Amino acid sequence: MDIATYKNDVWGQEVLRGVSWDLLWLVIVAAFIAIAGHAIYAATQKRGDKPSSEGARVSRHDALDRAYHWVMAGSVFVLLITGIFPIIGLEFAWLEIHWIAGIVLTVVVVFHILRSIFTQDLSSMKIGPADVKEALDGTTKPGKYSAAQKGMHAVVTVLTLLVIGSGLLMFLAIDSPWWERTNSMSEALLGLVFFVHGISTLGLVGVICLHIYFALRPEKLFYTRSMIKGWISKDELAANHDPQRWTPDETS
């Protein structure tokens with residue numbers, strides 16, 4: 001199976017066209033094999049009593065962070081639907097919806113980066129020796145974010161920045177309310193941009209499949225609830241986190 005597709009430019013030279021979308025099915029199958037494998041493994045593991053969601057609560061996600069998460073999630077889903085469905089044969093007027101969703105994603109990501117730099121603790125997402133120990137030793141509890149969560153965040157960050165960067169370059173090559181399309185990029189360069197956009201999109205498809213799976217697992221649903229309501233219980237905190245590494249504020 002080819003990773004990329006090629007074409008001849010106006011000079012008759014073979015240049016990159018973009019990613020091979022046959023890889024989409026490989027990514028989906030690989031994601032579901034990974035999901036099935038983890039589900040089977042998890043079913044064989046003994047688990048203690050589920051921590052209670054009742055009683056005192058602590059704050060996990062501010063309202064602004066929760067809003068950012070869901071706006072980003074919504075824009076990514078719109079981008080995937082409008083970007084991939086026409087490729088697999090479901091035709092509709094997708095282009096304007098696609099670039100509008102791309103602008104929304106770009107704005108919220110830039111806002112999140114600036115907020116993270118100036119008002120939040122970036123060290124909470126840094127992967128360090130303690131995270132490696134946690135990944136190798138199932139008895140070690142994480143701080144606010146587990147090694148898996150930090151790893152997922154790092155991968156999504158790289159893929160999203162690649163999608164946004166390549167998408168903005170592609171945006172310059174179409175008519176918009178602010179400019180007429182430009183042909184300043186060579187066919188070879190445009191093909192490279194399309195390839196980066198496509199391969200990072202495929203990466204996001206796989207990662208999102210895994211993210212949704214883990215978000216819906218019974219033992220992880222309290223994290224999903226915290227992304228909606230902002231809190232977890234003290235019992236859930238004690239069962240899943242090391243208080244020496246994360247001491248959140250109580251909620252009212």
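Buried residues, defined as those under 20% relative accessible area with a 1.4 Å probe and protein chains only, make up 34% of the 252 residues in the chain. The structure is a predicted model, in which local features need pLDDT of at least 70 and side-chain atom pairs count only at pLDDT 80 or more, whereas totals for chains, interfaces and linings use all residues. Residues are numbered from 1 along each chain as its sequence is written, and side-chain values use heavy atoms, with hydrogens and water left out.

The chain contains eight helices and four strands. These elements are DSSP runs numbered from the N terminus, with helices (H or I) of at least four residues and strands (E) of at least two. Their order along the sequence is β-β-α-β-α-α-α-α-α-α-β-α. Taken along the principal axes, the box filled by the C-alpha atoms is roughly 70 × 40 × 35 Å. Contact is defined as heavy atoms within 4.5 Å. Among contacts between residues at least 6 apart in sequence, 71% join residues at least 24 apart.

Strands E1 (residues 4-8) and E2 (residues 14-19) run antiparallel and are joined by five bridges; two strands pair if DSSP finds at least two bridges between them. One of the bridges links Lys7 to Val15 in E2. The two strands form a hairpin with five residues between them, and Gly12 in the turn has a positive phi of about 85°.

Two packed helices are described by the angle between their axes and the distance between the axes. For helix H5 (residues 147-171) and helix H6 (residues 187-216), the axes come within 8 Å and cross at roughly 145°. Axes here are lines fitted to C-alpha atoms, for helices over the stretch in contact, and angles run from 0 to 180 degrees between N-to-C directions. The crossing of H5 and H6 is left-handed, a term used if the near helix is turned anticlockwise from the far one by less than a right angle. Among the residues making the contact are Val155, Leu159 and Val163 of H5 and Val193, Thr201 and Leu204 of H6. The residues of this contact divide into 14 nonpolar, eight polar and no charged. In this division Ala, Val, Leu, Ile, Met, Phe, Trp, Tyr, Cys and Pro count as nonpolar, Asp, Glu, Lys and Arg as charged, and the others, Gly among them, as polar. Thr201 of helix H6 counts as buried, at 11% relative accessibility. Leaving aside neighbours within four places in sequence, Thr201 is in contact with Trp21, Leu80, Ile84 and Val163.

Helix H7 (residues 221-229) includes Lys229, which is exposed with a relative accessible area of 51%. Met227 also lies in helix H7 but counts as buried, at 14% relative accessibility. The C-alpha atoms of Met227 and Arg66 are separated by 5.6 Å, although these residues are 161 residues apart along the chain. Beyond neighbours within four places in sequence, the contacts of Met227 are with His61, Asp65, Arg66, His69 and Trp70.

His241 is placed in the segment after helix H8 (234-240) and counts as buried because its relative accessibility is 1%. The side chain of His241 makes a polar contact with the side chain of Tyr223 (2.9 Å). A polar contact is a pair of N or O atoms within 3.5 Å; within protein, one must be able to donate a hydrogen and the other to accept it, and residues adjacent in sequence count only if both atoms are side-chain atoms. A polar atom of the His241 side chain also lies 2.5 Å from the backbone oxygen of Gly143.

Terms used. Buried < 20%, exposed > 50% of the residue type's maximum accessible area, 1.4 Å probe, protein only.
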